[in-house]
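I opened this entry to record which contacts, strands and cores I could look up here.

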Amino acid sequence: MTTAYATSTTWIDACASSRLHTDDGIAVLLPGGRQAALFRTRDGHLYALDNIDPYTGAAVLARGIVGDRAGTPTITSPLLKHTFDLRTGHSLDSPHVRLTTWPVRDTGTTVQIRTPLAAP
């Protein structure tokens with residue numbers, strides 16, 4: 001028997017909308033100490049995924065190269081050049097590697113990321 005548990009989430013303020021420039025990343029500290037890399041692409045879409053490069057353990061993905069591979073919006077790590085799908089977090093180089101992604105919204109003044117509530 002499988003039991004499902006509801007996870008409480010909240011929207012956190014990541015940065016002012018005016019600070020998130022197209023194709024530039026911003027590192028965001030999430031509740032619980034995890035880091036996210038936040039991006040706005042040329043088409044105006046917002047993405048948030050793990051900032052830690054799973055191949056090196058370095059917190060560098062916010063400084064990665066935003067791009068496109070066959071219509072898929074991507075981020076490429078500045079260290080070893082591994083590429084990830086911004087929408088899903090899946091590695092485009094290794095099918096077994098995936099980054100966590102989070103929903104993102106722009107309120108008009110603030111970019112927010114929806115995350116699980118930090119443990120008390």
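I looked up the contacts of Asp85 and, leaving out residues up to four places away in sequence, found that Asp85 touches Thr72, Pro73, His90 and Leu92, where contact means heavy atoms within 4.5 Å. I note that this is a predicted model, in which local features need pLDDT of at least 70 and side-chain atom pairs count only at pLDDT 80 or more, while totals for chains, interfaces and linings use all residues. Residues are numbered from 1 along each chain as its sequence is written, and side-chain values use heavy atoms, with hydrogens and water left out.

Asp85 counts as buried because its relative accessibility is 7%, the limit for buried being under 20% relative accessible area with a 1.4 Å probe and protein chains only.

I then placed Asp85 in strand S7, strands being DSSP runs of E of at least two residues, numbered from the N terminus. The order S5-S6-S7 describes an open sheet of 3 strands with antiparallel pairing, and pairing requires at least two DSSP bridges between two strands. Its edge strands are S5 (65-69) and S7 (83-85), each of which pairs on one side only. S5 and strand S6 (residues 72-76) run antiparallel and are joined by 5 bridges, and Ile65 stands opposite Thr76 in S6.

Last, I checked the largest nonpolar core, which has 15 residues; among those that touch the most other members are Leu20, Val28 and Ile113. Such a core is a set of buried Ala, Val, Leu, Ile, Met, Phe, Trp, Tyr and Cys residues joined through side-chain atoms within 4.5 Å. A second, separate core of 12 residues includes Tyr47, Leu49, Leu61 and Phe84.

Key
Helices (H or I, at least four residues) and strands (E, at least two) are DSSP runs, numbered from the N terminus. Buried means under 20% relative accessible area, exposed over 50%, partly exposed in between (1.4 Å probe, protein chains only).
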